[in-house]
Amino acid sequence: MTQPEFTAAWQAVATAQSRLADCRMTDLFAADPQRVTRYTLDVAELHVDLSKHLLDDAALEALLRLAQAADLPRWREALFAGAPINASEGRPALHTALRDVDPTPLTVDGQDIKPAVAAMQRQVADLAEAIRSGQRRASGGQPFERVVNLGIGGAFWGPALALEALQPHVTPDLRIDFISNVDPQPLRALLADCDPQRTLFLVSSKSFGTAETQRNLAAARAFMESHLGAAADQHFIAITASPDKARALGFRDDAIVTFPQWVGGRYSLWSAIGLPAAIGLGADRFAELLAGAAAMDAHFRSAPPQANLPLLLGLLDVWYASFWGFGSRVLLPYDQSLRLLPTYVQQLAMESDGKGVDRDGRPLPHPSCPVVWGGNGNDGEHTFYQLLHQGPATIPAEFVICAHDDADLPGHRRRLIAQCLAQAEALLGGAPAPDNPHARC
């Protein structure tokens, strides 16, 4: 598309926003009784209701035309094809290839990357099962009982979220801990509590240039060597895209798990960085996790625009941040196991879209990304919900429910879901209270 076409599409969205500026959500439902049915998607076992967003069919169509004018279909295919879409680093972002089961070759820089990805997946699966089964043992011949992952950013949030979200499927035979930042207290407490004879450290660092991970590695190694001497080497595994640096730091060849340089940190759960999750869940469960991501990839690539969930969610961020000026959006999982989800999404969204310039380095004339925040929704009702209901700022809220049964504690999950739906309804409808401004929602 040409710049005039993009400008015209942008202006059409701005016009739609002006038209809806004084509209209430209840008006949209009154005008369209079938709104929930038409704005609900079922994708990869997710049931997603988009009907409670502040837009109508005309505004949605304008947003879809804006995506077309921004050449999104071409950029999407470039992403999946391995083109160097990361302009600042001149390389591809091929996290989708990490979970792709299609054996069709994918050529990047003249080489098919699929065999290397398959080899990495086999190494992760084999190592995870060897640690879980006790085949890979500590220096004293005992099975490991504790795994500690040293890594920050994407080397922490993704695996930690996966293990917590899928906790019922995690093996009880191994305790898995994460040490991310350089604050000494968490590492001090862990070292005081662990048995060096039965502890395995995973050191997750793409380049081995991260200062926090380097310092924590040095402290952990000094602690282990003080108890085990040279045998401490058997208690460390490196997960990296820089195997030569790992060898220089003393890691043995059979204790180095590699992944490609093109893996971005915030997308690295799907690579060997996911080894802690594979150890906790088992290779088969980890493969199911990859398959779930691949299913969403396939949907994003093939679904028509008006039914394409990742596209629609991305456009809603553009709609609210760039056209309405809403500075943040809140993510509210009503499930304790998803308490890390807001922070994980923070990294995905704000690290990806947090720049103030476009891909050519020109300053952006509008906000590019909302601040993403949130936490456990039920707990939030007793902390920050008053701001959502009564504050002067409009904050789009995204509610997440997990449909589990209540076998162990009958009624708890049903009550939790009721709380979630009630809060969503209250935010949607509000309460005018003209005679009492302190009660207005």
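## Contacts of helix H13 with H12

Contact here means heavy atoms within 4.5 Å. In this predicted model, that criterion picks out Met 296, His 299 and Phe 300 in H12, which meet Leu 309, Pro 310 and Leu 311 in H13. Sorted by class, the contact of H12 with H13 has 5 nonpolar residues, 1 polar residue and no charged residues.

The axes of helix H12, which covers residues 283-302, and of H13 come within 7 Å and cross at roughly 75°.

## Contacts of helix H13 with H1

Helix H13 also packs with helix H1 (residues 3-20), at an angle of about 80° and with the two axes 11 Å apart. H1 and H13 are therefore roughly perpendicular to each other. On the H1 side the contact is made by Trp 10, Val 13, Ala 14, Ala 16, Gln 17 and Leu 20, and on the H13 side by Trp 319, Ser 322, Phe 323 and Trp 324. The residues of this contact of H1 with H13 divide into 8 nonpolar and 2 polar, with no charged residue.

The structure holds 1 cavity of 30 Å³ or more, and about 40 Å³ of space lies in the largest cavity. Its lining is formed by Leu 316, Asp 317, Tyr 320, Ala 321, Phe 326, Ser 328, Arg 329, Pro 370 and Pro 396. Two elements, helix H13 (309-324) and strand E10 (328-334), are those that give two or more residues to this lining.

Helix H13 gives the most to the lining of the largest cavity, with 4 residues. By class, the lining residues divide into 6 nonpolar, 1 polar and 2 charged, whereas the contact of H1 with H13 has no charged residues and the contact of H12 with H13 has no charged residues either.

## The crossing of H7 and H14

A further helix pair is formed by H7 (residues 154-165) and H14 (residues 341-353), whose axes come within 10 Å and cross at roughly 140°. In handedness, H7 passes H14 in a left-handed crossing.

The contact is made by Gly 154, Trp 157, Gly 158 and Leu 161 of H7, together with Leu 341, Thr 343, Tyr 344 and Gln 347 of H14. By class, this contact of H7 with H14 has 4 nonpolar and 4 polar residues, and no charged ones.

How values were computed: Residues are numbered from 1 along each chain as its sequence is written. This is a predicted model: local features need pLDDT of at least 70, side-chain atom pairs count only at pLDDT 80 or more; totals for chains, interfaces and linings use all residues. Side-chain values use heavy atoms; hydrogens and water are left out. Axes are lines fitted to C-alpha atoms, for helices over the stretch in contact, and angles run from 0 to 180 degrees between N-to-C directions. A crossing is left-handed if the near helix is turned anticlockwise from the far one by less than a right angle, and right-handed if clockwise. Ala, Val, Leu, Ile, Met, Phe, Trp, Tyr, Cys and Pro count as nonpolar, Asp, Glu, Lys and Arg as charged, and the others, Gly among them, as polar. On a 1 Å grid over the protein atoms alone, a cavity is a set of points where a 1.4 Å probe fits but cannot get out, and a pocket is an open set with protein on both sides within 12 Å along at least five of seven lines; lining residues have an atom within 4 Å of a point. Grid points are joined across faces, edges and corners, and a volume is the space filled by probe spheres set on the points. Angles under 35 degrees count as roughly parallel, over 145 as roughly antiparallel, 65 to 115 as roughly perpendicular and the rest as oblique.
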